[in-house]
Amino acid sequence: MARPGEHEGAVQTPRRVAVIGAGYVGIPTAVLLAHFGHTVVIAERDEYRRSMLQKGLSPILEEDLEGLLAACVSSGRLTIVEDAAIAVSDAEFVFLCVNTPMGIDGHADLSYVDAVCTQIHAALPHGAIVINKSTVPVGTSRRVADLLGRPDVPVVSNPEFLREGTAVRDSFAPDRTVVGGDNQEAAAAVGSLFALTGAPLVVTDAPTAELIKYAANTFLTTKLSFINAMSQLCDALGANAVDLVKGIGYDPRIGFSFLNPGPGWGGPCLPKDSHALLAIAGTVDEEIPLIAAAIETNDRQQRHIVSRIQELAGGSLSGVRVGVLGLTFKANTGDRRDSPALVITSLLRSAGAEVVAYDPTVPSSETSDDLEGLVIVETAEEAARGAKVLVLLTEWAEFTTLDFGALGDVMEQRAFFDGRNIVNLDEARAHGFTAWGIGRS
Ligand SMILES: NC(=O)c1ccc[n+]([C@@H]2O[C@H](COP(=O)([O-])OP(=O)(O)OC[C@H]3O[C@@H](n4cnc5c(N)ncnc54)[C@H](O)[C@@H]3O)[C@@H](O)[C@H]2O)c1
């Protein structure tokens with residue numbers, strides 16, 4: 001498997017690549033291809049992201065990204081522009097990495113993809129290949145081809161599987177590369193751009209490639225919802241979810257990955273993609289009750305956690321101060337899109353709680369809409385001050401070594417809820433805490 005640094009000068013034929021959208025997918029993609037020796041132009045319409053990139057700085061928090069990015073920018077292999085039409089004007093390969101948020105009735109909102117097509121259709125060089133890396137519904141390759149109106153420009157689907165927090169590692173050493181298109185020659189050419197990663201290549205048609213991405217993410221939601229449902233059962237039966245995970249996870253048919261119960265799945269992909277797959281199935285009159293149940297189980301898990309916190313608070317959350325540790329949807333990213341932590345803080349507030357939160361990526365000065373109604377502080381101890389319950393919702397490494405003696409001293413009562421099962425609860429209990437986790441009391 002490839003590692004950053006192994007490929008300097010390894011590329012036989014440098015290609016000209018455009019990447020549209022400098023986000024969690026576009027930046028690692030651009031950096032990977034520039035690192036492989038290709039000439040990459042990235043188009044980003046957001047001024048903050050653009051100006052950071054132009055200085056060789058990453059606008060997103062991703063391990064190992066900054067050094068690679070700076071090297072690509074200073075070598076001249078990666079340049080940044082605002083206008084997608086300019087980025088594509090000399091390109092052989094054009095990657096669409098724009099956002100596809102949840103739209104009406106769960107369908108993916110393709111307005112950003114459509115807008116790029118309108119922007120670039122006249123500027124695309126003859127024979128360029130347009131590649132959909134955004135997660136898009138089955139049929140989008142055809143839709144893009146129609147919008148471009150350029151029979152000389154093949155459209156290929158190349159779904160992205162990287163995980164935020166390990167995006168660089170995942171880009172340089174992916175589990176697999178999937179490409180799909182009507183034009184198999186174009187699909188193979190796109191696959192060859194990633195050959196240096198050494199990952200298995202799955203070449204298929206466009207609808208299958210598009211469906212693979214949704215199938216992968218939705219499979220993960222069902223696995224997580226299953227273990228979350230088991231953790232609820234553990235609470236009801238007095239069983240221990242941590243031991244249950246060990247007891248089933250050693251079975252290689254099950255495995256430990258995505259088997260940790262938690263505060264419900266969230267983030268920028270799993271919620272919107274599971275809803276989108278249901279919507280896609282609906283377009284051909286198919287129902288997938290399994291996915292609907294995974295979504296319902298997720299909502300139930302978040303309500304269940306709030307009821308556990310309420311129990312720790314003594315039966316009511318009205319007027320109760322709750323300290324929260326972690327707001328991002330998982331550790332090692334600054335991304336809060338559809339964060340389970342924000343769903344839970346919102347449910348806590350609806351039940352009357354005052355929520356004081358600390359997250360290492362959120363300064364107390366931040367005033368984004370999704371933080372409305374929360375008091376943001378700069379340390380775990382400040383979050384705990386005056387709180388009746390302290391709740392851990394994101395698995396940041398620093399929360400595994402909490403000083404329960406110091407936290408207990410500033411709280412109204414010593415009650416702790418570990419929403420990620422990463423803390424040794426016996427240590428909290430040794431400091432007089434009533435301490436519960438997910439599926440363990
Ligand atoms: N975030 C992930 O972990 C992840 C993983 C796999 C797949 N995906 C998929 O990849 C796609 C992108 O996700 P993301 O998280 O990188 O989104 P993002 O919102 O972080 O980045 C998208 C970027 O595209 C820019 N953009 C939109 N229209 C543009 C235009 N016309 N010209 C220039 N820039 C434009 C936006 O300003 C934004 O910066 C989505 O379809 C997502 O579902 C995301």
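Let's start with a charge and a ring: the charged end of Arg 176 sits over the ring of Phe 161, at 3.6 Å from the ring's centre. Keep in mind as you look that this is a predicted model.

From there, turn to the sheet. Strands of a sheet pair through backbone hydrogen bonds, and the pairing can be parallel or antiparallel. Here six strands make up an open sheet with parallel pairing, and reading across it gives the order E11-E10-E9-E12-E13-E14. At the edges you will find strand E11 (375-377) and strand E14 (434-437), each of which pairs on one side only. From one strand to the next, the twist averages 20°.

A helix also belongs in this picture. Helix H12, covering residues 289-312, packs on the sheet and touches E12, E13 and E14. The direction of H12 makes about 165° with that of E13.

Now zoom in on two of the strands that H12 touches, E12 and E13. Strand E12 (residues 389-392) and strand E13 (residues 415-418) run parallel and are joined by three bridges.

A pair of aromatic rings is described by two things, the distance of the centres and the angle of the planes. Searching the whole structure turns up six aromatic pairs. One of them is formed by Phe 404 and Phe 416, an edge-to-face pair with 5.0 Å from centre to centre and 80° between the planes. Phe 404 lies in helix H15 (residues 404-410) while Phe 416 lies in strand E13, so this pair ties together parts that are 12 residues apart in sequence.

How accessible are these two rings' residues? Phe 404 counts as buried because its relative accessibility is 3%, under the 20% cut-off. Phe 416 is buried too, with a relative accessible area of 0%.

Phe 404 has another partner, Phe 433. Their ring centres are 5.2 Å apart and their planes stand at 75°; since planes over 60 degrees apart count as edge-to-face, this pair is edge-to-face. It links distant parts of the chain, with Phe 404 in helix H15 and Phe 433 in the loop between helix H16 (425-430) and E14, 29 residues apart. Phe 433 is buried, at 5% relative accessible area.

Putting these rings together, Phe 404, Phe 416 and Phe 433 form one aromatic cluster.

Terms used:
Residues are numbered from 1 along each chain as its sequence is written. This is a predicted model: local features need pLDDT of at least 70, side-chain atom pairs count only at pLDDT 80 or more; totals for chains, interfaces and linings use all residues. Side-chain values use heavy atoms; hydrogens and water are left out. Two strands pair if DSSP finds at least two bridges between them. Helices (H or I, at least four residues) and strands (E, at least two) are DSSP runs, numbered from the N terminus. Axes are lines fitted to C-alpha atoms, for helices over the stretch in contact, and angles run from 0 to 180 degrees between N-to-C directions. Contact means heavy atoms within 4.5 Å. Rings of Phe, Tyr and Trp (its six-membered ring) pair if their centres lie within 6.5 Å; planes under 30 degrees apart count as stacked, over 60 as edge-to-face and the rest as tilted. Buried means under 20% relative accessible area, exposed over 50%, partly exposed in between (1.4 Å probe, protein chains only). A charge sits over a ring if NZ of Lys or CZ of Arg is within 6 Å of the ring centre and within 35 degrees of the ring normal.
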